[in-house]
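Hello,

Here is the structure you asked for. Please open it first, then read the notes below it.

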Amino acid sequence: PRILQRRKGSGAGTMSSMLAVRRFAPGDAPAVAAIIRGLPDHFTDDVPAQAERDAVSHDAWVLTDSAAVAGFAVAARKSPGGAEILLIAVDAARRGCGHGTRLLGHVLDCLAASGVSVVEAKTLDRSSGYRPYEATWAFWERNGFVQIDTIDPLPGWQPGNPAAIYVAAVRATR
């Protein structure tokens, strides 16, 4: 796994912790469910079970911070050259520290190495006016994703929740 060194605190009492990204294992499911439940402004009650199903049937990774699961991501191959990030989240207490960017970078590197050229992500659209997602939109855009469409209603989503469709090229397409 990719291992990243990070320093916590400052001065003589500084302690280091290790960040690592590795493949999801079935034993990670309770920690992933806890992360999802800790973000009630972003996920509905059915998402923990869906995340576990998706993690088993698609590519999935966890970010660990000193061995504790701090984040996770699930990606589905949609075609030989395309994939979709189905879920990505970081523990609420660790958001805003670059953990999601590190995790996403690892996922995109893995997808590119496996032949994927374009990656899609769907999230709630800005037109919803839902303020808790401001950091989500900034995250995707800061990481090179471009919104290409808004779909409302998106099949499988509740009406009135417009979907923003983001894409990023991870390898040359021409």
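Two terms come first: pLDDT is the predictor's confidence in each residue, from 0 to 100, and a contact means heavy atoms within 4.5 Å. Both apply here because this is a predicted model.

The protein chain has a mean pLDDT of 91, and 90% of its residues reach 70 or more. Over residues 1–16, pLDDT stays under 50. For that stretch the model has 33 contacts beyond four places in sequence.

Next, the strands. Strand 3 (residues 59–65) pairs with strand 4 (residues 68–79) in the antiparallel sense, over seven bridges. In this pairing, Ala60 is opposite Val74 of strand 4. The hairpin of strand 3 and strand 4 has two residues between the strands, and Ser66 there takes a positive phi near 50°. Strand 4 is also joined to strand 5 (residues 82–90), by eight bridges, and the two run antiparallel. Gly71 stands opposite Val90 in strand 5. The hairpin from strand 4 to strand 5 passes through two residues.

Last, the aromatic rings. There are four aromatic pairs. In one of them, Tyr130 and Tyr133 have ring centres 5.8 Å apart and planes at 45°, so the pair is tilted. Tyr133 and Trp137 make another pair: their ring centres are 6.3 Å apart and their planes are at 45°, so this pair is tilted too. Tyr130, Tyr133 and Trp137 form one aromatic cluster.

Which residues of this cluster are buried? Tyr133 and Trp137 are; Tyr133 has a relative accessible area of 12%. Tyr130 is partly exposed, at 32%.

Regards

Note on methods:
Residues are numbered from 1 along each chain as its sequence is written. This is a predicted model: local features need pLDDT of at least 70, side-chain atom pairs count only at pLDDT 80 or more; totals for chains, interfaces and linings use all residues. Side-chain values use heavy atoms; hydrogens and water are left out. Rings of Phe, Tyr and Trp (its six-membered ring) pair if their centres lie within 6.5 Å; planes under 30 degrees apart count as stacked, over 60 as edge-to-face and the rest as tilted. Buried means under 20% relative accessible area, exposed over 50%, partly exposed in between (1.4 Å probe, protein chains only). Two strands pair if DSSP finds at least two bridges between them. Helices (H or I, at least four residues) and strands (E, at least two) are DSSP runs, numbered from the N terminus.
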